[in-house]
Amino acid sequence: CAVKIFSKDGEFIRAVGRKGRGPGELSFPSGVSVIGGRLYVADKFNFRVLAFDRAGKPCGGFSVTFAPDKVWALTGETLLVTSNPTGRPAAEKMLHIYDVGGRLRWEGLEAQASSDPVFDAFCNMILVCPGEGGDFFVVYRSGERSILHFAGSGALVGKIPVDERYVFQPMDLPFPGRKKRLLGFCWAAAWDRGFFYISAPAPVEGKDLGPGRLLSVVDPEGRLTASIELPCPVHRFVIGGGRIYAIDDDGGLRIFEVVR
C-alpha cells in the first residue's frame, strides 16, 4: 500500500503513502503517473485517484465510481483512468478521461460480455501506451491482433494491424464444460519515439502463460522491425532515454540499454 520511487539508476529515493482510507493513504495502489510534478495514483480499493506533490505529501484527488486499475497522464490537464469490467452492468466502459480536477470528459471502449464472465475477464484485459500530444494506444492482451489508436479526446483514430510474423500463444483454459482457447497476444507493452515494444506471453509448464523475455519492436504501421532478447522474463516495462526499465519475476527493478 505504498508507491516506491527510484532514480533512473535504480537507487531507492522514498516511499509515498501508507495503508488506509484517509488523506494520503492507499488501498492496493495499482497505477501511477506524473503531471507537472504531481504524482497521481490509482487507489483501487478506495475507488479514487490521489495526488501527491514532489515531497510525497497528499495534495488532492477525486473519487470515481469504479475500482481504478491504471492511470496515465495524457496532457498537462487530463488523465486516462482504466477499469476492469465487473460483468454486472451492461455495456461497461473500460477507458475514462478526467481532468485533474476530477471532471469526467469522456469514457469508452465497451467491454466484451457473454454468458461466461470468467472467459470475458481474460478477453477484456488491456494495456495502454501513452503516445504524443495526448494520443494513446490500447493493446488487448489476448485475441486481438490490432493496436487501437485514440486521440486525447477519446476519439478512435484507427486500428493498426500487427505483422503476422508476430504470432499468438494459444492456451486451453482449464474450465469445466466446453473447452475454451485463449489466444495470448501481449503480456506487456510500451511505446517510445514512434515504435511499439511488445512482449509476447510465454508458456509455463504447458499449462499456463506467463511473462516472456522476447520484446518485438513494431513500427507505426504494425510492421515487425526488430526483436530484443532479454536475459530474464519481465512482467512490466517502460522505455525512455535509450533504456528499458523492467520488473522481473522476483519483483526486482532491471535496467537494460537499448542498442539500435
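How many nonpolar, polar and charged residues are in the lining of the second largest pocket? The legends below take up this point first and then turn to other sites.

The model is predicted, so that local features need pLDDT of at least 70 and side-chain atom pairs count only at pLDDT 80 or more, while totals for chains, interfaces and linings use all residues. Residues are numbered from 1 along each chain as its sequence is written, and side-chain values use heavy atoms, with hydrogens and water left out.

**View 1. The second largest pocket and its lining.** The lining has 7 nonpolar, 5 polar and 4 charged residues; Ala, Val, Leu, Ile, Met, Phe, Trp, Tyr, Cys and Pro count as nonpolar, Asp, Glu, Lys and Arg as charged, and the others, Gly among them, as polar. The space in this pocket is about 320 Å³. Of its 16 lining residues, T65, F66, S83, E92 and H96 are the closest to the centre. A pocket is an open set of points on a 1 Å grid over the protein atoms alone, where a 1.4 Å probe fits, with protein on both sides within 12 Å along at least five of seven lines; lining residues have an atom within 4 Å of a point. Points are joined across faces, edges and corners, and the volume is the space filled by probe spheres set on them. Strands are DSSP runs (E, at least two residues), numbered from the N terminus.

View 2. E92 is found in the loop between β10 (78–83) and β11. With 17% relative accessibility, E92 counts as buried (buried is under 20% relative accessible area, exposed over 50%, partly exposed in between; 1.4 Å probe, protein chains only). Its side chain reaches the backbone nitrogen of T86 at 3.0 Å. Such a polar contact is a pair of N or O atoms within 3.5 Å; within protein, one must be able to donate a hydrogen and the other to accept it, and residues adjacent in sequence count only if both atoms are side-chain atoms.

**View 3. S30 and the backbone of D69.** S30 belongs to strand β5 (residues 29–35) and is buried at 16% relative accessibility. The backbone oxygen of D69 is reached by the side chain of S30 at 2.5 Å.

**View 4. The aromatic cluster of W106, F136 and F150.** These three residues form one cluster, and the structure holds 9 aromatic pairs. The ring centres of F136 and F150 are 5.1 Å apart and their planes lie at 5 degrees, so this pair is stacked. Rings of Phe, Tyr and Trp (its six-membered ring) pair if their centres lie within 6.5 Å; planes under 30 degrees apart count as stacked, over 60 as edge-to-face and the rest as tilted. Because F136 is in strand β14 (residues 136–140) and F150 in strand β15 (residues 146–150), the pair ties together parts that are 14 residues apart in sequence. Both are buried: F136 has 0% relative accessibility and F150 has 5%.

**View 5. Arginine charges over aromatic rings.** R141 lies over the face of W187, at 4.6 Å from the ring centre. R145 lies over the face of F168, with a distance of 4.7 Å from the ring centre. The criterion is NZ of Lys or CZ of Arg within 6 Å of the ring centre and within 35 degrees of the ring normal.

Technical notes:
Helices (H or I, at least four residues) and strands (E, at least two) are DSSP runs, numbered from the N terminus.
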